[in-house]
Amino acid sequence: HSFVLNKSYNKNIATNEYDQLDESVLNDFDNDNWTNSIRASINYKVEKLTINVGNSVDFEQLSRTYNNLASTLNRNRTSFTPNLSTVYQFTKNKSIRINYYGRSIHPGLDQIEPLKQNAPQLVQYVDNFELKSGFSNSLNWSYNSYKPLKSQSFYIFSNIGNTVNAINSRVDMNL
């Protein structure tokens with residue numbers, strides 16, 4: 001549980017003091033985040049081959065309660081983090097490795113509904129209630145060969161990755 005209270009005051013013309021609360025940019029809310037996780041992995045090894053497969057599933061409940069507005073922003077989301085790792089050991093000093101890693105990516109509540117600002121902003125973040133989750137993954141492989149008697153090694157690595165439904169904030173430019 002966490003809370004935010006950002007107040008802004010306007011100038012009182014009668015007293016020349018900054019003592020009039022500006023409700024239009026008041027950020028007064030409580031955050032509650034709950035996460036339940038399930039994790040599983042299997043490791044398989046036979047002679048020169050090792051395979052590890054795993055996944056993590058997270059069930060998250062996020063809630064932002066606006067104390068001054070009597071409203072709540074709720075989000076429930078599920079995250080997946082699959083991974084696969086394989087190693088084939090040709091000899092004691094030669095191996096090839098292939099890895100896959102994926103993960104769900106989610107917008108934060110500040111990307112869905114940004115904090116209100118009282119100063120003129122060059123870039124103003126806009127509410128984006130339709131922002132959806134995405135998924136990022138990568139696949140890489142490597143080959144390693146080492147000759148200890150000659151002090152020689154050869155290593156090559158390659159990686160490819162992509163993101164589906166990348167998360168972008170909506171902004172207004174005030175020039």
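Two strands pair if DSSP finds at least two bridges between them; strands are DSSP runs of E with at least two residues, numbered from the N terminus. The model is predicted, so local features need pLDDT of at least 70 and side-chain atom pairs count only at pLDDT 80 or more, while totals for chains, interfaces and linings use all residues. Residues are numbered from 1 along each chain as its sequence is written, and side-chain values use heavy atoms, with hydrogens and water left out.

**View A. The hairpin of β5 and β6.** Strands β5 (residues 49–66) and β6 (residues 71–80) pair in the antiparallel sense over ten bridges. Tyr 66 stands opposite Ser 71 in β6. Four residues lie between the strands, and Ala 70 takes a positive phi near 55°.

**View B. Ser 41 in strand β4.** The strand spans residues 27–46. Ser 41 is exposed, with a relative accessible area of 55% (buried is under 20%, exposed over 50%, partly exposed in between; 1.4 Å probe, protein chains only). Ser 41 touches Asn 52, Val 53 and Gly 54, not counting residues up to four places away in sequence; contact means heavy atoms within 4.5 Å. The C-alpha atoms of Ser 41 and Pro 107 are separated by 27 Å, and the two residues are 66 apart along the chain.

**View C. A nonpolar patch on the surface.** Ile 98, Leu 139, Trp 141, Phe 154, Ile 156 and Ile 160 together have about 560 Å² of accessible area (Shrake-Rupley method). Two or more residues each come from β10 (134–147) and β11 (152–164), and β11 gives the most, with three. Patch residues have over 30% relative accessible area and no salt bridge, with nonpolar side chains joined within 5 Å; a salt bridge is a side-chain nitrogen of Lys or Arg within 4 Å of a carboxyl oxygen of Asp or Glu. Leu 139, in strand β10, is partly exposed at 41% relative accessible area.

Technical notes:
Patch = residues over 30% accessible without salt bridge, like charges linked within 9 Å, V, L, I, M, F, W, Y side chains within 5 Å. Areas by Shrake-Rupley, 256 points an atom, 1.4 Å probe, with all protein chains shown as cover.
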